[in-house]
Amino acid sequence: RVLFARLSTYADTAASFTHSLLYQIAAGVEGVFPDLAYLPPRADLALFRRDRIPWLLGTQSKRGPEDFELLGLSLSIVQELLNVPALLRESGLPLSKRERLARADLPLVLLGGASALYSTVAWGGDPWVDAVFIGEDPAAIRQLLTICRDGRAAGLDKRSLLDALAAVPGLLE
C-alpha cells in the first residue's frame with residue numbers, strides 16, 4: 001500500500017495532473033494499492049487537531065500513514081518543503097529518519113516531485129525523509145514500487161528495502 005501525498009491542499013493542487021498520474025502508474029503495478037492525500041484546508045486544522053485526525057489521510061481509504069508501507073511526498077514547488085515537518089508531526093510520524101527506520105509500524109518516507117532535487121535542506125545528518133526520488137520516468141517509478149512490493153512481501157526491513165531501492169535510477173538516500 002502506497003500513499004501519495006501532496007504538500008499543499010486539494011484546492012491548491014486540484015488542477016495538477018501529476019498526482020493522478022502517480023496514482024495511475026501505481027494502480028497499474030499488480031499488487032500495489034495506491035491512495036492519495038493532501039494537506040487539510042486551513043479552516044479544518046483545528047478540527048483535525050482536536051479529533052486527532054492525521055493530516056496524512058487517504059482520500060479513498062480514510063486511513064492514516066501507519067496503514068501504508070510507503071509514503072510518497074510530492075514536492076512540486078520548493079516552498080512546500082516547509083510543510084513537511086508539520087505534516088509528519090501532525091500525522092504521528094517522527095521527523096527523524098533514524099527513528100522512523102527503527103519502527104516497523106511506520107511507512108518508508110520518500111520525497112519526489114519536480115522540486116525534490118532542491119530539498120537538500122532536509123537531507124542533513126538525520127534527514128526528514130528516508131530517500132529522495134529525483135526521476136520522472138514512469139518505468140523507474142514502476143521499478144521503485146515493484147521493489148517495495150516485493151521487498152515488503154519478502155519481509156525485508158526498511159534498511160534492506162532502501163538498499164534494494166538503490167538500484168532505481170534517480171533514487172538518492
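## The loop between α3 and β3

In this predicted model, Lys 62 is located in the loop that connects α3 and β3. The phi angle of Lys 62 is near 60°, a positive value in a residue other than glycine. With a relative accessible area of 56%, Lys 62 is exposed, because the cut-off for that class is over 50%.

Arg 52 is also found in the loop between α3 and β3. Its phi is positive as well, at about 55°, although Arg 52 is not a glycine. The relative accessibility of Arg 52 is 77%, and the residue therefore counts as exposed. As background to both cases, most residues other than glycine have a negative phi.

## The sheet

Six strands make up an open sheet with mixed pairing, and their order is β2-β1-β3-β4-β5-β6.

Five bridges connect β1 and β2, which pair in the parallel sense. Within this pairing, Ala 5 has Ala 37 of β2 as its bridge partner. Strand β3 (residues 70–74) runs parallel to β4 and is joined to β4 by five bridges. On the other hand, the parallel pairing of β4 with strand β5 (residues 131–133) extends over two bridges. Leu 111 has Val 132 of β5 as its bridge partner.

Strand β4 covers residues 108–112, and five of its five residues are buried, so the strand is largely enclosed by the rest of the structure. Leu 108, Leu 110 and Gly 112 point one way from β4, whereas Val 109 and Leu 111 point the other way; all are buried.

Ser 74 belongs to strand β3, and its bridge partner in β4 is Gly 112. Ser 74 has a relative accessible area of 8% and is buried, because that class takes in values under 20%. Leaving aside neighbours within four places in sequence, Ser 74 is in contact with Ala 5, Arg 6, Leu 7, Glu 80, Gly 112 and Gly 113.

## Nonpolar cores

The largest nonpolar core has 27 residues, of which Leu 56, Leu 71, Leu 73 and Leu 111 touch the most other members. At least two residues of this core are supplied by each of β1 (2–9), β2 (34–39), α3 (45–50), β3, α4 (84–89) and β4. The largest share, four residues, comes from α4. In soluble globular proteins, nonpolar side chains tend to be buried together.

What does Leu 56 touch, not counting residues up to four places away in sequence? Leu 56 touches Leu 3, Ala 5, Ala 37, Arg 63, Gly 64, Pro 65, Leu 71, Leu 87, Ser 91 and Leu 93. Another core, of 25 residues, lies apart from the largest one, and Phe 4, Leu 22, Tyr 38 and Leu 70 are among its members.

## Helices α6 and α7

Helix α6 (residues 138–153) packs against helix α7 (residues 158–165) at an angle of about 145°, and the two axes are 10 Å apart. Their crossing is right-handed. On the α6 side, the contact is made by Leu 144, Ile 147, Cys 148, Gly 151 and Arg 152, and on the α7 side by Lys 158, Leu 161, Ala 164 and Leu 165. By class, the residues of this contact divide into six nonpolar, one polar and two charged.

## Gln 143 and the segment it touches

Gln 143 lies in helix α6 and counts as partly exposed, at 30% relative accessibility. Not counting residues up to four places away in sequence, Gln 143 touches Ala 167, Val 168 and Pro 169. Gln 143 and Pro 169 are separated by 26 residues in sequence, while their C-alpha atoms are 9.2 Å apart in space.

Methods: Residues are numbered from 1 along each chain as its sequence is written. This is a predicted model: local features need pLDDT of at least 70, side-chain atom pairs count only at pLDDT 80 or more; totals for chains, interfaces and linings use all residues. Side-chain values use heavy atoms; hydrogens and water are left out. Buried means under 20% relative accessible area, exposed over 50%, partly exposed in between (1.4 Å probe, protein chains only). Two strands pair if DSSP finds at least two bridges between them. A nonpolar core is a set of buried Ala, Val, Leu, Ile, Met, Phe, Trp, Tyr and Cys residues joined through side-chain atoms within 4.5 Å. Contact means heavy atoms within 4.5 Å. Axes are lines fitted to C-alpha atoms, for helices over the stretch in contact, and angles run from 0 to 180 degrees between N-to-C directions. A crossing is left-handed if the near helix is turned anticlockwise from the far one by less than a right angle, and right-handed if clockwise. Ala, Val, Leu, Ile, Met, Phe, Trp, Tyr, Cys and Pro count as nonpolar, Asp, Glu, Lys and Arg as charged, and the others, Gly among them, as polar.
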